[in-house]
Amino acid sequence: MQKLREALALYHDSQDLIQLGAYVAGTNPKLDAAIRCRPEIINFLKQDAQTFCPLNETLDLLAKLAMGLG
């Protein structure tokens, strides 16, 4: 879970550079991973409140997202 928070924070801190196109891919591998995985992380966080997902599936998905960050 910590990796996901760090990735979102890193993206947030660099958001202006990314949106302006000033960030050069490959400059920061952690930021590259955060940019690549961000849509999946956001989709996970936005899941419908009425949707039921067993705890083990939730934890597996979080682990999978964290693995994508390196």
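Reply: Happy to! First, a word on confidence: this is a predicted model, with a mean pLDDT of 94 and 100% of its residues at 70 or more.

Now to the pocket itself. The largest pocket holds about 180 Å³ of space. Its lining consists of Lys-3, Glu-6, Ala-7, Leu-10, Lys-30, Leu-69 and Gly-70. Sorted by class, the lining has three charged residues, three nonpolar ones and one polar one.

Lys-30 belongs to the lining too, and its number falls within helix 2 (residues 29-45), so to speak the next stop on our tour. Helix 2 has 17 residues and reaches 23 Å from its first C-alpha to its last, close to the expected 24 Å. There is a kink of about 50 degrees at Cys-37, shortly before the proline Pro-39. Cys-37 is also one of the buried residues of helix 2, along with Leu-31, Ala-33, Ala-34, Ile-41 and Phe-44.

Stepping back to the whole chain, the protein has three helices and zero strands, following the pattern α-α-α along the sequence. Its C-alpha trace spans about 40 × 25 × 15 Å along the principal axes. Of the 70 residues in the protein, 23% are buried.

Note on methods. Residues are numbered from 1 along each chain as its sequence is written. This is a predicted model: local features need pLDDT of at least 70, side-chain atom pairs count only at pLDDT 80 or more; totals for chains, interfaces and linings use all residues. Side-chain values use heavy atoms; hydrogens and water are left out. On a 1 Å grid over the protein atoms alone, a cavity is a set of points where a 1.4 Å probe fits but cannot get out, and a pocket is an open set with protein on both sides within 12 Å along at least five of seven lines; lining residues have an atom within 4 Å of a point. Grid points are joined across faces, edges and corners, and a volume is the space filled by probe spheres set on the points. Ala, Val, Leu, Ile, Met, Phe, Trp, Tyr, Cys and Pro count as nonpolar, Asp, Glu, Lys and Arg as charged, and the others, Gly among them, as polar. pLDDT is the predictor's confidence in each residue, from 0 to 100. Helices (H or I, at least four residues) and strands (E, at least two) are DSSP runs, numbered from the N terminus. The expected span of a helix is 1.5 Å times one less than its number of residues. The bend at a residue is the angle between axes fitted to the seven residues ending there and the seven starting there. Buried means under 20% relative accessible area, exposed over 50%, partly exposed in between (1.4 Å probe, protein chains only).
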